[in-house]
Amino acid sequence: MDLDWSALGQVTAVSIGVTVAVVVVFALGVLGLARHEGAREEGGGASSVGRAQAGLCFLACAAVVAYGIYLIVPQFH
């Protein structure tokens, strides 16, 4: 059986890259929540910026996960 190792390497590289990207975006969302809480405790006005950052980051993570599920589950095609 002839296995194309370069294709396996490409899939591995893309998988690791996307995983790292999603983790970084999720961490930025957590940072946005921390900014929101910090601004709320101090009574500042930057509270909405942190909430917006968190919302956008979590929405992006959810979109990537939903797309991955779409690619995996054949009933969605």
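The buried residues of helix H2 are Ser47, Gly50, Gln53, Ala54, Cys57 and Cys61; buried denotes under 20% relative accessible area, exposed over 50%, and partly exposed in between, with a 1.4 Å probe and protein chains only. The model is predicted, so local features need pLDDT of at least 70 and side-chain atom pairs count only at pLDDT 80 or more, whereas totals for chains, interfaces and linings use all residues. Residues are numbered from 1 along each chain as its sequence is written, and side-chain values use heavy atoms, with hydrogens and water left out.

## Exercise 1. Helix spans

*Solution.* 
Step 1. Helices (H or I, at least four residues) and strands (E, at least two) are DSSP runs, numbered from the N terminus.
Step 2. After H1 comes Gly43, with a positive phi near 80°.

## Exercise 2. The packing of H1 and H2

Identify the buried residues of H1 and state which helix they pack against.

*Solution.* 
Step 1. In H1 the buried residues are Gly29, Gly32, His36 and Ala39.
Step 2. These residues pack against helix H2 (47-72). Conversely, the cover over the buried residues of H2 includes H1. Contact here means heavy atoms within 4.5 Å.
Step 3. Consider His36, which lies in H1. Its relative accessible area is 8%, so His36 is buried. Neighbours within four places in sequence aside, His36 contacts Ser47, Gly50 and Arg51.
Step 4. Val24 also lies in H1, but its relative accessible area of 45% makes Val24 partly exposed. The C-alpha atoms of Val24 and Cys57 are separated by 9.4 Å, although the two residues are 33 residues apart along the chain.

## Exercise 3. The cysteines of H2

Determine how many disulfides the structure holds, and describe the surroundings of Cys57.

*Solution.* 
Step 1. A disulfide is a pair of cysteine sulfur atoms within 2.5 Å. The structure holds 0 disulfides.
Step 2. Cys57 is in no disulfide, and its nearest cysteine sulfur, that of Cys61, is 6.9 Å away. Cys61 likewise is in no disulfide.
Step 3. Cys57 counts as buried because its relative accessibility is 11%. For Cys61 the relative accessible area is 9%, so Cys61 is buried.
Step 4. Cys57 is placed in helix H2. Excluding residues up to four places away in sequence, Cys57 touches Val25, Leu28 and Gly29.

## Exercise 4. A nonpolar surface patch

State which residues form the nonpolar patch on the surface, and classify Val65 as buried, partly exposed or exposed.

*Solution.* 
Step 1. Patches are made of residues with over 30% relative accessible area and no salt bridge; like charges are joined within 9 Å, and nonpolar side chains (Val, Leu, Ile, Met, Phe, Trp, Tyr) within 5 Å. A salt bridge is a side-chain nitrogen of Lys or Arg within 4 Å of a carboxyl oxygen of Asp or Glu.
Step 2. The patch consists of Val65, Tyr67, Ile69, Tyr70, Leu71, Ile72 and Phe76, with about 750 Å² of accessible area together. Accessible areas come from the Shrake-Rupley method with a 1.4 Å probe, and for residues only the protein chains shown count as cover.
Step 3. Val65 lies in helix H2. With a relative accessible area of 48%, Val65 is partly exposed.
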